[in-house]
Amino acid sequence: PLFAKRRSKAVLGQPVPRRSVPPAGMLATAQKQPVHAAAPAVAKEGPEPESLRMPSEMLDGATTATLLHAVIKVQEMRVNLNDLFVSRFEDLVTAGCSNEYPALVERFKLKYEACNANLQQVQDKLICLDQKPLAHLVRALQSEEVARGALLLQLQVLRQHLSVTDLEDPARLEVAEQLAHAQGSIRTHESVINETLEELQCELADVE
């Protein structure tokens with residue numbers, strides 16, 4: 001299952017093993033995973049949106065710790081989607097299939113929306129548990145991820161545009177500036193995401 005409840009080995013008064021929660025930095029950025037050139041396009045794009053969504057009953061009666069673990073799992077899924085999107089986009093660029101870019105973006109938007117819906121469910125459950133501060137942290141994480149996701153989609157299009165723009169074309173400078181701005185904005189969002197994840201990890205350690 002995409003979301004399996006993790007067994008905690010934490011003992012009161014002892015630190016939670018670091019391996020139980022991936023470092024925040026690893027959850028905001030990740031190394032690109034190699035993709036075999038012969039793999040079918042569908043396989044390259046990962047799970048369908050429906051399989052990324054958490055069943056609503058899955059979180060029924062969930063504890064605060066379980067909900068925070070779900071947040072971490074959603075973040076892992078999102079990192080994988082980011083890598084898959086970049087890899088798939090590069091495949092299309094290499095193949096010269098620019099006509100397929102819009103459809104690729106739309107397919108991945110649906111996947112990201114599934115992740116956002118999962119975080120919304122967690123927020124609602126945290127509020128029901130009277131954990132409003134934690135719900136606010138999850139909402140902040142979701143907001144930053146939505147902004148970063150939109151920039152990531154834009155970034156790939158700008159890179160492709162820049163690569164095919166003639167060196168003497170006056171529009172090239174404008175595209176390069178837009179690309180640099182998008183890259184800077186992504187780094188800013190990633191910094192906030194990392195900080196928010198660190199806070200959530202500390203809260204998770206406290207409740208386990």
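Which residue just after α4 takes a positive phi? That residue is Gly96, with a phi of about 70°. A quick note before the views: this is a predicted model, where local features need pLDDT of at least 70, side-chain atom pairs count only at pLDDT 80 or more, and totals for chains, interfaces and linings use all residues. Residues are numbered from 1 along each chain as its sequence is written, and side-chain values use heavy atoms, with hydrogens and water left out.

**View 1. The helix α4, residues 64-95.** Helices here are DSSP runs (H or I, at least four residues), numbered from the N terminus. With 32 residues at 1.5 Å a residue, α4 should span 46 Å, and its end C-alpha atoms sit 47 Å apart, which agrees; the expected span is 1.5 Å times one less than the number of residues. Of those 32 residues, 24 are buried, so α4 is largely enclosed by the rest of the structure (buried is under 20% relative accessible area, exposed over 50%, partly exposed in between, with a 1.4 Å probe and protein chains only).

**View 2. The largest nonpolar core, with 40 residues.** A core like this is a set of buried Ala, Val, Leu, Ile, Met, Phe, Trp, Tyr and Cys residues joined through side-chain atoms within 4.5 Å. Phe85 and Val122 have the most contacts inside this core. Two or more residues come from each of α4, α5 (101-128), α6 (132-164) and α7 (171-207), and α4 gives the most, with 14.

**View 3. Around Phe85.** Leaving aside neighbours within four places in sequence, Phe85 is in contact (heavy atoms within 4.5 Å) with Leu104, Val105, Phe108, Tyr112, Leu152, Leu153 and Gln156. A second, separate core of 8 residues includes Leu151, Leu158, Val175 and Leu179.

**View 4. α5 packed on α6.** The two helices pack at about 175°, with axes 8 Å apart; axes are lines fitted to C-alpha atoms over the stretch in contact, and angles run from 0 to 180 degrees between N-to-C directions. That makes α5 roughly antiparallel to α6 (an angle over 145 degrees). Among the contact residues are Tyr101 and Val122 of α5 and Lys132 and Leu152 of α6. The contact divides into 13 nonpolar, 5 polar and 3 charged residues; Ala, Val, Leu, Ile, Met, Phe, Trp, Tyr, Cys and Pro count as nonpolar, Asp, Glu, Lys and Arg as charged, and the others, Gly among them, as polar.

**View 5. Asp130, in the loop between α5 and α6.** Asp130 has a positive phi of about 60° although it is not a glycine. Asp130 is exposed, with a relative accessible area of 61%.

Methods. Parallel < 35°, antiparallel > 145°, perpendicular 65-115°, else oblique.
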